[in-house]
Amino acid sequence: MKMNDEDYMRRALELAMRAGAEGEVPVGSVVVLDGRIVGEGWNRPVAASDPTAHAEIQAMRAAAQALKNYRLTGATLYVTLEPCDMCLGAMFHARVARAVFGATDPKKKVLKPQTAVEGGLLADESGSLLKEFFARKR
């Protein structure tokens, strides 16, 4: 039987329930490529003592390991809650083609940055290191 968006989201919901049972915020995620689930994850930041252990990150890590490739080109990621900026950035870097989410995150719109970001310190040295690295790659 061929699965569809709703089937994949139902699996993500099962994983969200697992997160909730573990005392985590109940969010689950699956990564699908060529019609099959290649990675699954659920929220684990508390259990893993890892602020990046969101369901989406966990699912992308599992998919990357299964595929032996950090690029998830052409994949669709399903998640039960609207992705945060960190997870969207990770999807971008992994080349995820499509993201489908369930509930919207009302807190996403009102969060204000709590981290001061400053740039330019040793910029020339940092930039040179990157330029040299990529010149060797080409």
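1. Basis of the note. This is a predicted model, in which local features need pLDDT of at least 70 and side-chain atom pairs count only at pLDDT 80 or more, whereas totals for chains, interfaces and linings use all residues. Residues are numbered from 1 along each chain as its sequence is written, and side-chain values use heavy atoms, with hydrogens and water left out.

2. Overall architecture. The protein has five helices and four strands, arranged along the sequence as α-β-β-α-α-β-α-β-α. Helices (H or I, at least four residues) and strands (E, at least two) are DSSP runs, numbered from the N terminus. Along the principal axes, the C-alpha atoms fill a box of roughly 55 × 35 × 25 Å.

3. Of the 138 residues, 31% count as buried. Buried means under 20% relative accessible area, exposed over 50%, and partly exposed in between (1.4 Å probe, protein chains only). Among contacts (heavy atoms within 4.5 Å) between residues at least 6 apart in sequence, 47% join residues at least 24 apart.

4. Cysteines. A search of the whole structure finds zero disulfides, a disulfide being a pair of cysteine sulfur atoms within 2.5 Å. C84 is in no disulfide, and its nearest cysteine sulfur, that of C87, is 3.7 Å away. C87 is likewise in no disulfide, with the sulfur of C84 as its nearest at 3.7 Å. C84 is partly exposed, at 24% relative accessibility, whereas C87 is buried, at 0%.

5. Serine 29. S29 belongs to strand β1 (residues 28–33) and counts as buried, at 0% relative accessibility. Its side chain reaches the backbone oxygen of Y78 at 2.8 Å. This is a polar contact, that is, a pair of N or O atoms within 3.5 Å; within protein, one must be able to donate a hydrogen and the other to accept it, and residues adjacent in sequence count only if both atoms are side-chain atoms. Beyond its neighbours within four places in sequence, S29 is in contact with several residues, including A12, L15, E40, A55, L77, Y78 and V79.

6. Nonpolar surface patch. L130, F133 and F134 form a nonpolar patch on the surface, with about 280 Å² of accessible area together. Patches are made of residues with over 30% relative accessible area and no salt bridge; like charges are joined within 9 Å and nonpolar side chains (Val, Leu, Ile, Met, Phe, Trp, Tyr) within 5 Å. A salt bridge is a side-chain nitrogen of Lys or Arg within 4 Å of a carboxyl oxygen of Asp or Glu. F133 lies in helix α5 (residues 123–137) and is partly exposed, with a relative accessible area of 35%.

7. Backbone at two loop residues. Most residues other than glycine have a negative phi. D34, although not a glycine, has a positive phi of about 55°; D34 is found in the loop between β1 and β2 (36–42) and is exposed, with a relative accessible area of 75%. K68, also not a glycine, has a positive phi of about 55°. K68 is placed in the loop between α3 (55–67) and β3 (76–81) and counts as exposed, at 74% relative accessibility.

Conventions: Areas by Shrake-Rupley, 256 points an atom, 1.4 Å probe, with all protein chains shown as cover.
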